[in-house]
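Dear colleague,

My notes on it follow, and I would be grateful if you read them with the model open.

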Amino acid sequence: IVHFSGLSCEMKEIYDLSLEYGFSIIEDACHAIGGKYQDKPIGCSIYSSITVFSFHPVKLMTTGEGGIAVTNNEDIFLKMNLLRSHGITRDESNMEDPISKGDWYYQQIDLGFNYRMTDIQAALGISQLKRLDSNIKKRHLIAKRYNSLLCDMNVQLPVIESSNKFSALHLYVIRIKNKKSNKDIINSLRRNGVGAMLHYIPVHTQPYYKKLREKYENLDNSIDYYNEAITLLMHHQVTTDDQDKVVFELEKYLK
């Protein structure tokens, strides 16, 4: 389940479906650290087995690269903890031969990976974590001002907050509704010094997936989104002058 742009999906409804149909849930919260659902932090895994966050440099907080997986399930925690470090354990209770041979002794009991974060990355992440809430508050002020400036234009504005959701606002994505080409608008904005983007190109149109299946049916919503979406400048250091330039350039193409 992907919390796109930082806004939570309807996790309670999805969880109810999982009970009915017997599937497990992993939350992709790579955009959503610092966001909330039902007044609880996204990632508390009440309605899922695992939640995954990204610490890529463009995310709300970073460790330079990488990410983290969190869970409330002790068995999953122990398994992930084992797999992140080659499948090696020093815990005698998990060993095939639990007779201690000394502090130096270990056993590889599974085929794991080298997924350990460095101490330097962790220190960077901790320093970023301390500023996370204040930076998200700044993003909400920026998003509310965008909403105010754009409300009279022919665009669909993003939900930033509702009765049970609070977006982390990793992205601020609008959808144009006047049938003009969003790609032309994005290119024009970029030529005029406005860093617009398109998040994302539909997966089923990518060459790898087209090789797997020649035709994908009933994905019109994905194509409609691709033809309408524009990601505008969003960062906790965006100024009112920055926003005014974005809106001024955008308005020229939406009239």
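In this predicted model, S167 is located in the loop that runs between strand 9 (165-166) and strand 10 (172-176). Is S167 buried or exposed? Its relative accessibility is 1%, and because buried means under 20%, S167 counts as buried. A polar atom of the S167 side chain lies 2.9 Å from the backbone nitrogen of L169. Leaving out residues up to four places away in sequence, S167 touches S5, G6, L7, G35, I136, H140, V159 and I160.

The chain as a whole may be described next. The protein chain has eight helices and eleven strands, and its C-alpha trace spans about 75 × 45 × 35 Å along the principal axes. Of its 255 residues, 36% are buried. The accessible surface comes to about 15700 Å², and carbon and sulfur atoms account for 53% of it. Among contacts between residues at least 6 apart in sequence, 62% join residues at least 24 apart. The chain carries 31 positive and 31 negative charges, whose mean positions are 8 Å apart.

As to the interior, nonpolar side chains tend to be buried together in soluble globular proteins. Here the largest nonpolar core has 25 residues, and those with the most contacts inside it are Y146, L150, Y172, I174, I230, L232 and L250. Two or more residues each come from helix 4 (132-150), strand 10, helix 5 (182-191), strand 11 (229-232) and helix 8 (240-254). A second, separate core has 17 residues, including A29, A32, I33 and A168.

Most residues other than glycine have a negative phi, and most peptide bonds are trans. The peptide bond from H199 to Y200 is cis, with omega near 0 degrees; Y200 lies in the loop between helix 5 and helix 6 (207-212). S45, which is not a glycine, has a positive phi near 60 degrees and sits in the loop between strand 3 (40-41) and strand 4 (50-54). At 7% relative accessibility, S45 counts as buried. H86 also has a positive phi, of about 70 degrees, and its place is in the loop between helix 2 (74-83) and strand 6 (88-89). With a relative accessibility of 32%, H86 counts as partly exposed.

Notes. Residues numbered from 1 in each chain as written. Predicted model: local features only at pLDDT ≥ 70, side-chain atom pairs only at ≥ 80, totals over all residues. Heavy atoms only, no water. Helix = DSSP H or I, 4+ residues; strand = E, 2+ residues; numbered from the N terminus. Buried < 20%, exposed > 50% of the residue type's maximum accessible area, 1.4 Å probe, protein only. Polar contact = N/O pair within 3.5 Å; in protein donor to acceptor, adjacent residues only side chain to side chain. Contact = heavy atoms within 4.5 Å. Areas by Shrake-Rupley, 256 points an atom, 1.4 Å probe, with all protein chains shown as cover. Lys, Arg positive; Asp, Glu negative; His and termini not counted. Charge placed at Lys NZ, Arg CZ, Asp CG, Glu CD. Core = buried A, V, L, I, M, F, W, Y, C linked by side-chain atoms within 4.5 Å.
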